[in-house]
Amino acid sequence: MAVSGATIIAGLLVLLVAHQFLSNWQFNRKYKLPPVVPGWPLLGNALSMPFPAGMWGVEMAKKYGEMYTCYFGGKPYVFLNSSRVVNVLMEKRAAIYSSRPERPMTQGIMSGGARMLLMPHTNRWRNQRKIMHSILNGRSAETIFVPYQELEVKQLLYDLLKDPENFHVCNQRFSNSVITRVVFGRRSGLHDKQLKDILDLVEILGQYLFHPLKNLPDVFPWLHSLPKPLQWWRRGAEEYFNKARDLYKAEFDAFEKKLKSGTARPCFAAELVAGAEKKEFILDETEKLFVFSTLLEAGSDTSRNAITQSIAAMATNPGWVKKARRLLDEVCGENAERLPSLADRKRLPYMNAVVKEVLRWRPFIQTGVPHMLEKDDEYEGYRFPAGTQFAWNAYAIALNENDYKDPVAFNPDRFMDADLNSPLKGHWSFGTGRRVCVGYNVGANNIWLAVACLLYCFDVTEDPDHPIDTFNTVWDVHKDAPFKARIKPRSQAHVDLILNASKEALASDY
Ligand code: HEM
């Protein structure tokens, strides 16, 4: 008897549905996940999660509680909505909660497999983490970075005095110049193409990492088995990789030229070259370029966002500005006697609290960075399979009333406690567990110094025609300012102080 095509297709469909049903049944017998946000077959929640997802995450947390599960490409992704559960799972159980999911698009093609941030918990990651730690550890942060931060902040104040409307570009240059000086021994200027290119690369990567609908090839890694001509994303991803590689290669080539002519300044690139010659580091060419990429991108993009957010906090929450200003005046003088410096940290503990509150208030990495669980695990009646992704739901925790009293307000006093001097404690903005930000000392000092100097020298107010929406602003845009604010020097004495102090920075053009 002949069997028609339609019957075969119908039969296959029945088999597929039965297979799905059986796998779900087997999965549910073995595992139990926190409440699942309803989604679509196959795509799961990719259609409903907006970008950026901060306020969506807050809404979901209100609806589903301390943890909820989304599905992307059939794989579970658990959002943790309180410090309590982040602390137990991602922090205390870091030994098995510190890997990263497979990302054949963003890591495989766009980063040539070499971007540390996206590496799973392997020896290759450990090797790179060691290299990063060697230049970013607490001691280096104090001895190597501080002099450059002190120089660059003077340039920042000068730039803000001259072009306050473009405060976002001034902050970008400051953060980029600190790390470029440490890595390549050169400073950067306000209109450097390299700075713009770096922020373009980070912006695109961020969209691919945090917007599942934009990045189906990572959501469905099996798509990479399609014949290459059918992989519609490949060309764009390869172009991205080439652009990144060329950018850092050009930077390294320029540095090597200086090294050969004896004009290079002492810097990390010089140490890397010397270390590679002595076989202290084992890095292939792509990895070497992506070590530079990681440092320059992580160093440039994060601090500039935090400093920009502090400006929004000054404009919308004047109470804390008054207190910080009074304390700064007590130490540096009421009549613009001198600028605050990192040497003042012991005398200005309130500023440490300001740094933490800047990081807590409206975390610009809005839903955290996913870690992947390496082994099956159990917690409070839930049973999680290996391969589940977990992220601290940053906005949801920051705005959770059980975690913070009056969470909406910008109130540094909440951090005036026994953990004041531990920059990682009390918020999750530097991440958690073994993947915690390796540059946190440098980042915290960048914010401390820039915010202290800004508070000391400028009055920042809201423009009544352009009120700042502190919940829905997309903080990390870089071409335009994310909001408007009025930034004016406090007095002529403060203008004179900035002009005097910045002379050294304006004269150091290298
Ligand atoms: C305000 C400043 C900063 C913030 C808020 C920040 C935040 C973060 C976050 C959230 C992560 C992911 C952590 C996780 O997955 O648990 C991270 C990782 C990382 N950060 Fe930072 N960061 C900052 C500054 C810096 C600086 C200045 C550098 C270096 C120059 C840096 C280098 C890195 C590196 C290399 C990683 C990858 C760590 C890994 O995967 O093991 N960061 N950072």
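Q: How many of the residues of β1 are buried?

A: A residue is called buried if 20 or more other C-beta atoms lie within 10 Å of its own, exposed if 12 or fewer, and partly exposed in between, with C-beta atoms placed from the backbone. By that count β1 is mostly covered, since 6 of its 6 residues are buried. The model is a predicted one, in which local features need pLDDT of at least 70 and side-chain atom pairs count only at pLDDT 80 or more, while totals for chains, interfaces and linings use all residues. Residues are numbered from 1 along each chain as its sequence is written.

Q: Which residues of β1 lie on one side and which on the other?

A: In a regular strand the side chains alternate between the two faces of the sheet. In β1, M67, T69 and Y71 lie on one side and Y68, C70 and F72 on the other, and both faces are covered.

Q: In what order do the strands of the open sheet stand?

A: Strands of a sheet pair through backbone hydrogen bonds, either parallel or antiparallel. Strands here are DSSP runs of E with at least two residues, helices are runs of H or I with at least four, and both are numbered from the N terminus; two strands pair if DSSP finds at least two bridges between them. The open sheet has 4 strands in the order β1-β2-β6-β3, with mixed pairing. At its edges stand β1 (67-72) and β3 (371-372), each with a single partner strand, so one side of each has no neighbour in the sheet.

Q: In which sense does β2 pair with β1, and in which sense with β6?

A: With β1 the pairing is antiparallel over 6 bridges, and C70 stands opposite Y77 in β2. These two strands form a hairpin with 2 residues between them, and G73 in the turn has a positive phi of about 60 degrees. Between β2 (residues 75-80) and β6 (residues 389-392) the pairing is parallel, over 4 bridges, and L80 has W392 in β6 as its bridge partner.

Q: At what angle do the axes of α12 and α16 cross?

A: Two packed helices are described by the angle between their axes and the distance between the axes. Axes are lines fitted to C-alpha atoms, for helices over the stretch in contact, and angles run from 0 to 180 degrees between N-to-C directions. The axes of α12 (residues 285-316) and α16 cross at roughly 35 degrees and come within 10 Å. Residues are in contact if their C-beta atoms, placed from the backbone, lie within 7 Å; T302, S303, A306, I307 and S310 of α12 and G443, N446, I447, A450 and V451 of α16 make this contact.

Q: Where does C437 lie, and is C437 buried or exposed?

A: C437 lies in the loop between α15 (394-398) and α16 (440-457), and C437 counts as buried because 21 other C-beta atoms lie within 10 Å. Leaving aside residues up to four places away in sequence, C437 touches F430, G431 and G443. An unreviewed UniProt entry annotates C437 as "binding site"; UniProt positions are given in the numbering used here, feature names are shortened, and annotations may be inferred rather than shown by experiment.

Q: Is D463 buried or exposed?

A: D463 is exposed, because 12 other C-beta atoms lie within 10 Å. D463 belongs to the loop between β7 (458-462) and β8 (485-489) and touches K484, A485 and R486, not counting residues up to four places away in sequence.

Methods. Two residues are in contact if their C-beta atoms, placed from the backbone, lie within 7 Å.
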